[in-house]
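Q: I'm new to this one and would like to learn how to read it. Could you walk me through it, one feature at a time?

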Amino acid sequence: MIDIHTHILPGLDDGSPDMECSVEMAELAAESGVEAIIATPHCNQRGAFENYASEALTERLEALRSALEKIGTPLEVYLGAEVYGTDDAARLFRKGKLATLGGSRYLLTEFDFFENIEYMQWLLNDLLDAGCVPIIAHPERYFELQERPRVIEKWLASGMGIQINKGSLFGRFGSSAAKLAHYLLREGMVTCIASDAHGSHVRTPDMSSAMDFLSMEYSDGLAQLLLVDNPRRILQNRELVLPYEFELF
């Protein structure tokens with residue numbers, strides 16, 4: 001498996017507080033069958049977690065890679081960011097301030113949970129015009145989308161990706177988020193499932209439960225697409241595949 005959304009880099013946001021925790025998270029991921037992980041610290045949250053692309057951010061990634069190499073943890077770690085949607089996000093992307101997923105054209109993008117759909121649509125179009133392709137992080141947690149989920153079809157038709165959280169499958173973020181997550185799965189409107197891991201004890205990067213759930217409740221093919229193939233396509237900078245194109249669900 002490949003996990004495209006984790007807060008594994010130490011001391012940057014509300015995820016891993018230190019290298020010890022980061023290593024524990026990496027070991028949990030590897031033991032669960034994850035072969036590669038993208039570190040996506042919160043970015044562009046002004047006055048909180050800014051984490052713009054920088055040499056310091058790359059150094060933090062290399063430090064984690066070195067720590068894992070020393071103990072032989074079989075996990076590839078790539079750099080990315082979970083970019084908070086603001087009016088100037090497209091300008092920041094053009095200036096090279098936003099780390100894309102593994103250096104691809106794909107940008108993991110999040111919004112305030114109370115954000116309105118019209119603003120989301122405007123900002124996503126602005127990012128597309130700037131030359132990147134948004135992967136919308138955990139849309140099942142956005143309150144307006146819980147009421148108007150079909151707008152996600154437009155985003156998928158534009159080539160954007162939809163990433164739901166592993167925890168949403170099991171009610172970790174409430175019944176409304178779980179309801180929308182399962183609806184999107186049934187409708188074939190999900191391109192990736194990721195851990196959105198924040199630690200080694202709660203919200204962990206162990207992805208085995210997601211693989212088991214998808215295989216049992218849907219199909220092995222859907223599990224392969226959402227946990228392996230599409231995440232790999234992101235790292236390879238290739239177009240995403242939609243489940244309903246192959247009736248995998």
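A: Let's start with a word we'll need: "buried" means under 20% relative accessible area, "exposed" means over 50%, and "partly exposed" is in between (1.4 Å probe, protein chains only). This is a predicted model, where local features need pLDDT of at least 70 and side-chain atom pairs count only at pLDDT 80 or more, while totals for chains, interfaces and linings use all residues. Residues are numbered from 1 along each chain as its sequence is written, and side-chain values use heavy atoms, leaving out hydrogens and water.

Q: Are F111 and Y142 buried or exposed?

A: Both F111 and Y142 are buried.

Q: How do I read a pair of aromatic rings?

A: You describe it by the distance of the centres and the angle of the planes. Here, rings of Phe, Tyr and Trp (its six-membered ring) pair if their centres lie within 6.5 Å; planes under 30 degrees apart are stacked, over 60 edge-to-face, and the rest tilted. The structure holds six aromatic pairs. Take F111 and Y142: their ring centres are 6.1 Å apart and their planes sit at 85 degrees, so this pair is edge-to-face. F111 is in the loop between β6 and α4 (117–130) and Y142 in the loop between β7 and α5 (143–147), so the pair ties together parts that are 31 residues apart in sequence. Together with F113, these two form one aromatic cluster.

Q: What about the sheet: which order do its strands take?

A: In general, strands of a sheet pair through backbone hydrogen bonds, either parallel or antiparallel. Helices (H or I, at least four residues) and strands (E, at least two) are DSSP runs, numbered from the N terminus, and two strands pair if DSSP finds at least two bridges between them. This open sheet has six strands in the order β3-β5-β6-β7-β8-β9, with parallel pairing. Its edge strands, β3 (42–43) and β9 (192–194), each pair on one side only.

Q: Which residues of β6 are buried on each side?

A: In a regular strand, side chains alternate between the two faces of the sheet. In β6, Y106, L108 and E110 are buried on one side, and L107 and T109 on the other.
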